[in-house]
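These are my notebook entries on a structure that I looked up residue by residue.

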Amino acid sequence: MTRTVYLNGEYLPEAEAKVSIFDRGFLMADGVYEVTSVLDGKLIDFPGHRARLARSLHELDMAAPCSDDKLLAIHRELIAVNAITEGMVYLQVTRGNPGDRDFAYPPADTKPTLVLFTQAKPGLADNPAVRTGWKVISVPDIRWGRRDIKTVQLLYPSMAKMAAKAAHVDDSWFVEDGFVTEGTSNNAYIVKGNRIITRQLSSDILHGITRSAVLRFAAEAQMVIEERPFTIAETQQADEAFITSASAFVMPVVEVDGAALGHGKPGPVTTRLREIYLEEMRKTAI
Ligand code: PDD
């Protein structure tokens, strides 16, 4: 089945969706994105992703490409026409096509480019990697200073993913001034006893939509949450570690820079949090 994608008001076969070479997203990485998971054919935490998209657009003085209702309708239509049961909807908005290359932003009435497509991922919820957990390495965080804006400038995270692959592990954790910021495309946590430790929100990290839900569920389950920076050395002494993202949900981390955590296996706190997260989010999926 050919994938149907959305581009600027049209539903098209993927091969027919074309964007100008002058698009600001292509020339300047001048665009923002969201990734929303689909389980049972429904969107997980759509209001959270919609709100963060609005914030990213606002921070970059970009106009909203369409109404919130329309955005939801496009997501739903793509899920339906592509028969997605488990997977993701990717959304990208760029500052559009000014017709030439220029560092200055084009006039405010330049039409933004809006692209959405689906990715089918059967087995997303019952991911076998959850049973073994991820191994990660640390790499220096040399990204720009506004990581709270979800921009499409993903070259360094891609390089860090390649460093992980070269080291035969699953992901990289970024470290800045001695402290972990986050993973290549996820938020990072350690567990010590009943305490869940994760870096506090600031422009140093992306404000994960999964993070927000997981911390809420953890608090409801009487777990103690400490929002503060932590080091790789502290991670290596932790009982457990994990990451969260819209595509991995809650994923155990069992090894950091070659040191096994706990017993080198996914721990009970992480496993429980993943269960709670999936159970609760399925209830509110739309
Ligand atoms: N990445 N930190 C970074 C740098 C990210 O790119 C992401 C998400 C997260 C987690 O955010 P959320 O829980 O809202 O997905 C944290 C997406 C999944 C991606 O780039 O594919």
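**Entry 1: D30**

I looked up D30 and found that it counts as buried, at 7% relative accessibility. Buried means under 20% relative accessible area, exposed over 50%, and partly exposed in between, with a 1.4 Å probe and protein chains only. The model is a predicted one, in which local features need pLDDT of at least 70 and side-chain atom pairs count only at pLDDT 80 or more, whereas totals for chains, interfaces and linings use all residues. Residues are numbered from 1 along each chain as its sequence is written, and side-chain values use heavy atoms, with hydrogens and water left out.

I placed D30 in the loop between α1 (24-28) and β3 (31-39). Helices (H or I, at least four residues) and strands (E, at least two) are DSSP runs numbered from the N terminus. Which side chain does D30 join in a polar contact of 2.9 Å? The partner is the side chain of R24. A polar contact is a pair of N or O atoms within 3.5 Å; within protein, one must be able to donate a hydrogen and the other to accept it, and residues adjacent in sequence count only if both atoms are side-chain atoms.

Leaving aside neighbours within four places in sequence, I listed R24, G25, M62, V93, T94, R95 and Y105 in contact with D30. Contact means heavy atoms within 4.5 Å.

I next turned to R228, found in the loop between β12 and α7. R228 is partly exposed, with a relative accessible area of 25%. Its side chain has a polar contact of 2.7 Å with that of E226, and another of 2.8 Å with that of E234. Residues up to four places away in sequence aside, R228 touches R195, I197, T198, R199, Q200 and E234. I noted that R228 and R199 are 29 residues apart in sequence, yet their C-alpha atoms are 4.5 Å apart in space.

P229 lies in the loop between β12 (224-227) and α7 (232-236). P229 counts as partly exposed, at 26% relative accessibility. Neighbours within four places excluded, P229 is in contact with F179, R199 and Q200.

**Entry 2: positive phi**

I recorded two non-glycine residues with positive phi. Phi of H168 is near 60°; H168 sits in the loop between α5 (155-166) and β8 (171-176). H168 is exposed, at 71% relative accessible area. D257 has a phi of about 50° and belongs to the loop between β14 and β15 (259-260). D257 is partly exposed, at 36%.

**Entry 3: aromatic rings**

How many aromatic pairs does a search of the whole structure find? I noted eight. Y6 and Y11 have ring centres 5.2 Å apart and planes at 70°, so the pair is edge-to-face. Rings of Phe, Tyr and Trp (its six-membered ring) pair if their centres lie within 6.5 Å; planes under 30 degrees apart count as stacked, over 60 as edge-to-face and the rest as tilted. Y6 is buried at 4%, whereas Y11 is partly exposed at 33%.

The pair of F249 and Y277 is tilted, with 5.9 Å from centre to centre and 40° between the planes. This pair links distant parts of the chain, since F249 is in strand β14 (residues 249-256) and Y277 is in helix α8 (residues 268-284), 28 residues apart. F249 is buried at 0%, and Y277 is buried at 3%. I also noted one aromatic cluster formed by Y33, Y90 and F117.

**Entry 4: ligand**

Around the ligand I noted 19 residues, of which Y33, R52, E182, T210 and A246 come nearest. A residue is near a molecule or strand if one of its heavy atoms lies within 4 Å of it. An N or O atom in the side chain of R52 is 2.7 Å from a ligand oxygen, and a polar backbone atom of I209 is 2.8 Å from an oxygen atom of the ligand. The protein covers 89% of the 470 Å² of accessible area that the ligand has on its own. Accessible areas come from the Shrake-Rupley method with a 1.4 Å probe; for residues, only the protein chains shown count as cover.
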